[in-house]
Amino acid sequence: MFSQIKTSAKNREIVVDLTRKFNLGAENVIARIAIAYSLKSGVRFNPMDAKDSGGKEYSRSVLFGGNDFLYTAMMCTYYGISENDKDLARYFKMHLDDGLERIANDVKNNPNLVGFDYLFDRINDGLGEICPN
């Protein structure tokens, strides 16, 4: 098991900017959303391709709060690995960085986005995929 995850140096500023833009309170909230958004995108990473780790540092307990088991289950299911896999932290790190970059690009391409509208739209999109009418 891992105890800490760091974003890439490039994403240090993105975490701050997105947290401010969406008025989410603590920076770990956008990090949780970023991981889920990246997983939803369907991208798969090679754990050996992890970027630098010179950015924002999160302890496991801060990043996931009381939902550690849920995020671990999602990641392990997504990659078909066990919770003891040596690359689990790398997968989290890569999806965290990827999700932050995806959200930042969405905001950059539409600077008039309203934070909660954007987040509700993404949540609705994701729910629509798992619970089609």
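I started at F69, which lies in helix α4 (residues 68-79); helices here are DSSP runs of H or I with at least four residues, numbered from the N terminus. F69 is exposed, with a relative accessible area of 60%. Exposed means over 50%, buried under 20%, and partly exposed in between (1.4 Å probe, protein chains only).

Notes on the source. The model is predicted, so I kept in mind that local features need pLDDT of at least 70 and side-chain atom pairs pLDDT 80 or more, while totals for chains, interfaces and linings use all residues. Residues are numbered from 1 along each chain as its sequence is written, and side-chain values use heavy atoms, without hydrogens and water.

Next I looked up aromatic pairs and found four in the whole structure. Rings of Phe, Tyr and Trp (its six-membered ring) pair if their centres lie within 6.5 Å; planes under 30 degrees apart are stacked, over 60 edge-to-face, the rest tilted. F64 and F92 form a tilted pair, 4.9 Å centre to centre with 55° between the planes. This pair links distant parts of the chain, with F64 in helix α3 (residues 60-64) and F92 in helix α5 (residues 88-109), 28 residues apart. F64 is buried at a relative accessible area of 1%, and F92 is buried at 0%. I noted that F64, Y71 and F92 form one aromatic cluster.

Last, I checked charges over rings (NZ of Lys or CZ of Arg within 6 Å of the ring centre and within 35 degrees of the ring normal). The charged end of R44 sits over the ring of Y79, 5.5 Å from its centre. For K56, the charged end sits over the ring of Y58, 5.6 Å from its centre.

How values were computed
Helix = DSSP H or I, 4+ residues; strand = E, 2+ residues; numbered from the N terminus.
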